Amino acid sequence: MARYFKEQDIDEFRECFYLFARSGQIKSLDELTVIMRSLGLSPTISELAGYLKQKGGKMSFADFLEVMHVHSRSEDLPREVVNAFKAADPQGKGVISAKQLRIMLQTWGECLSTKEIDRIFREANVHNNSMVRYEDFVKIACAPIPDYY
C-alpha cells in the first residue's frame, strides 16, 4: 500500500495511528473513527464498522494503510461540496453571490477567518460584489496547496 501514498503522508498516518492506537493495533470503532477523522477524512460509522469487520475486528498499521487507500479513493470532497451547493440552489443557476459565499465560509464547518477567505477569494479571482460559479470555485478551493507556499 505504500506505493499509493507519498512518504510524507505515510509518516503522518503512522504518527496519528500510533498516537491513538497505543497498543499498535486498532481494536475499536472509536479508535478508527478518531484516527481517520483526525487525518481529514469523513467516513460514516457504517463505513468504519465495515472496514473494521473486514479486518477481523483488529487492524495493524499495514491494514490501516490499505483502508486509507480504499477510503480515500471513494471519498471525493470536491464532488460532495458541489453537491451541497447544488442542494442549496433550487433554481439550478450554478452561481452564488460572493457576499453569500463569504458568510457561508465564515459560519459553516470550520469557520474560516476573514484573512483566510480573502486569500481564497484572491486565489480564485473572486470580487466582493460578483457572482461566483460554485463548481469553478470548488475546483480552485480544493486544489492541493503548492509546495512553494
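**Aspartate 118 counts as partly exposed, at 31% relative accessibility.** (Buried means under 20% relative accessible area, exposed means over 50%, and partly exposed is in between, with a 1.4 Å probe and protein chains only.) What you're looking at is a predicted model, in which local features need pLDDT of at least 70 and side-chain atom pairs count only at pLDDT 80 or more, while totals for chains, interfaces and linings use all residues. Residues are numbered from 1 along each chain as its sequence is written, and side-chain values use heavy atoms, leaving out hydrogens and water. In this view, aspartate 118 meets arginine 102 in a salt bridge, with 2.8 Å from N to O. (A salt bridge is a side-chain nitrogen of Lys or Arg within 4 Å of a carboxyl oxygen of Asp or Glu.) Arginine 102 sits in helix α6 and aspartate 118 in helix α7, so the pair ties together parts that are 16 residues apart in sequence. (Helices are DSSP runs of H or I with at least four residues, strands are runs of E with at least two, and both are numbered from the N terminus.)

**Arginine 102 is buried, with a relative accessible area of 17%.** Its helix, α6, covers residues 98-107. Skip the residues up to four places away in sequence, and arginine 102 touches Thr114, Ile117, Asp118, Phe121 and Asn128. (Contact here means heavy atoms within 4.5 Å.)

**Alanine 98 is another residue of helix α6.** It is buried too, because its relative accessibility is 1%. Follow the chain 34 residues along from alanine 98 and you get to valine 132, yet the C-alpha atoms of the two are separated by 6.0 Å. Not counting residues up to four places away in sequence, alanine 98 touches Phe121, Val126, His127, Asn128, Ser130 and Val132.

**Asparagine 125 has a positive phi of about 60°, even though it isn't a glycine.** Most residues other than glycine have a negative phi. Look for asparagine 125 in the loop between α7 (114-124) and β2 (131-133). With a relative accessible area of 57%, asparagine 125 is exposed.

**The largest nonpolar core has 21 residues.** (A nonpolar core is a set of buried Ala, Val, Leu, Ile, Met, Phe, Trp, Tyr and Cys residues joined through side-chain atoms within 4.5 Å.) Which residues touch the most other members? They are Ile26, Leu32, Met36 and Phe64. The elements giving two or more residues to this core are α1, α2 (29-38), α3 (45-54) and α4. Of these, α4 gives the most, with five residues. Zoom in on isoleucine 26: setting aside neighbours within four places in sequence, its contacts include Phe17, Leu32, Ile35, Leu52 and Phe64. There is also a second, separate core of 15 residues, and Val82, Leu105, Phe121 and Val132 are among them.

Is histidine 71 buried or exposed? It's buried, since its relative accessible area is 1%. Beyond its neighbours within four places in sequence, histidine 71 is in contact with Met36, Leu41, Ser42, Pro43, Glu47 and Tyr51.

**Lysine 55 and glutamate 66 form a salt bridge, with their closest N and O atoms 3.1 Å apart.** This pair links distant parts of the chain: lysine 55 is in the loop between α3 and α4, glutamate 66 is in helix α4, and they are eleven residues apart. Lysine 55 is partly exposed at 21% relative accessible area, and glutamate 66 is partly exposed at 32% relative accessibility. In the whole structure, a search finds five salt bridges.

Aspartate 11 is partly exposed at 38% relative accessibility, and arginine 14 is partly exposed at 36%.
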